[in-house]
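Work through the exercises below with the sequence and the model in view. Try each task before reading its solution.

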Amino acid sequence: MAELISTCIIVIESQKASADIGDYWRFAAMSDSWTKNAEKGAAAFQAGDFVEAEKMMRAALLEAESASDPLTLAILLDNLAEVFFEQSRFADAEPLYVRALKLREDNLIPGHEDIVSSLNNLSALYFFMGEHSKAEPICRKVTAMYAKALGPEHPEVATSLNNLGLLYMAQNKYTDAESIFTKAFRIREKALGLDDPETASSLHQLGFALKELNKLDQARQCLERALPVIENALGQESAEVEAITTYLLEILRLQGRSHEATPFIEKKLAAKQITLGPTHPEVVALMKHLGDMYLSERKNSEAEKQYKRILSMKERALGKQHPEVAASLTDLARVYQADGKFAQAETHYKDALSISEKVFGSDHFEISIHLADLVGFYIAFSRFAVAEQHARRLLEMKRRLLGEFDNGIDPAMYSLAFCYFQQNKLKEAEPLFRKLVEMRERAIGNDDPMVASCLFPLADILKRQQMYEDAEPLYQRAMDIRMKKLGPQHPEVAIVLEGYADLLAKTFREAEAEHMKNCARGINASHRK
């Protein structure tokens, strides 16, 4: 019962002796009184009445103290320790397990199975106490005893190795854990076959260790091989399957392959719907995650179905004027925007903003989020005049909420500056872009691409006003930053080259201008391929 387990490891393997108190009632030598107290204690333990269980176990142990049978006493010590263990009263359990071990070592031959059981009890106890330095040598000793008694390739040795591997994982000794889990897997593969759940257990533990060592391809292979076996043995809704799925999702994220995660999320969602119910917050969160994945994969109809289900559930549970409903309306708006359904997207973005305004009043961060969504939507459809109105309101709100010099106003300022720029409102755009350059240089440094994204339109603004000498160094600086940070073949470099080429042509440097244009054409052509 007290298996070795870590916060990141769900699959459990136990050799702990007192996993079921009912297995240890060998009381033929006891008096009727001892037996009755012990049996009452066991019944109370099974019923979860630990106060009564402790009382009865203590009474049985007190009577047994004067008996001449030390092995019976060891059993009673284990049983009382188990009562404490189940309540996480590890400090109370420890001396009882230690004494039980001493009694067995003094009265049994070395390597006896009851001695091994006592050692397993202590190893598990120290694991849960976080005393890994105490648990590790005991676990090693148990492993050696199993290997000597049963042979080095016996499945019981693999179980003990697995527990040792869990100890290493808990101590972040991932290289040691990898070696131990590999040994356990090979023993089980040979003895039990690849399709045995215990083999799959060692394999997926190995996958966990490999992931922590950043051996992501190997980890993924182990986990994907283990997953169907564990699913067949324990069911898709089991904690072990959830743990493996969670690790696989994290590996795919780290590999930049999140687009391959959808089948795992679908399985995880199906399992959670069974164990938690269709409206549980965890289930809703997974539905949202799945909808986001569908949208990122351009599976817009599937995303729409998920978001509509979530919206319906939230409206029933929370009412139609709730911030969570506004969030779901925004999700649906994103789908319609991706489908080019302007009117439906606009309606949902506006409805989300309206709910937020009714709930939070005039100035609130939630309102600013929905305003930003609406601004981004109008900009995406080149509705710059409408976007400008909302962007101006957004910037004013952010200034009131955060202050004039907070970096949090940056996105709103950029949106407004961009709207002015696209409408050729150069006098309004120029001071905003200058301010953005100053803010970004202060926040992220002089040579960040985010700085270049403001230098380029600022250069364009000056060029349009025929301020060529002021514009040219800005083009050059934007080009240098992008080439350095993004690479010489990046599309953003081509955009700057085209703008700079136009300036060179306007200042009668046709040869240089043509060279810049040819470079831009080359970059664009390489990306069209």
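**Exercise 1.** Which residues of H19 are buried?

Solution. This is a predicted model, in which local features need pLDDT of at least 70, side-chain atom pairs count only at pLDDT 80 or more, and totals for chains, interfaces and linings use all residues. Residues are numbered from 1 along each chain as its sequence is written, and side-chain values use heavy atoms, with hydrogens and water left out.

Step 1. Buried means under 20% relative accessible area, with a 1.4 Å probe and protein chains only.

Step 2. Apply them: Asp 410, Ala 412, Met 413, Ser 415, Leu 416, Ala 417, Cys 419, Tyr 420 and Phe 421 are buried in H19.

Step 3. Look for the cover: helix H17 (365–380), helix H18 (384–402), helix H20 (426–444) and helix H21 (449–464) are among what covers these buried residues.

**Exercise 2.** Check the span of H19 against what its 13 residues should give.

Solution. Step 1. The expected span of a helix is 1.5 Å times one less than its number of residues.

Step 1. For the 13 residues of H19 this gives 18 Å, and the end C-alpha atoms are 18 Å apart, so the two agree.

Step 2. Just after H19, Asn 424 has a positive phi of about 65°.

**Exercise 3.** Where in the chain is confidence lowest and where is it highest, among the helices named?

Solution. Step 1. pLDDT is the predictor's confidence in each residue, from 0 to 100. The chain averages 90, and 93% of the residues score at least 70.

Step 1. Confidence is lowest in helix H1 (residues 32–46), with a mean of 85, and highest in helix H19 (residues 410–422), at 97.

Step 2. Over residues 1–30 the pLDDT is below 50; this stretch has 100 contacts (heavy atoms within 4.5 Å) beyond near neighbours in sequence.

**Exercise 4.** Describe the setting of Phe 127.

Solution. Step 1. Phe 127 lies in helix H5 (residues 113–129).

Step 1. Its relative accessibility is 5%, so Phe 127 counts as buried.

Terms used. Helices (H or I, at least four residues) and strands (E, at least two) are DSSP runs, numbered from the N terminus. Buried means under 20% relative accessible area, exposed over 50%, partly exposed in between (1.4 Å probe, protein chains only).
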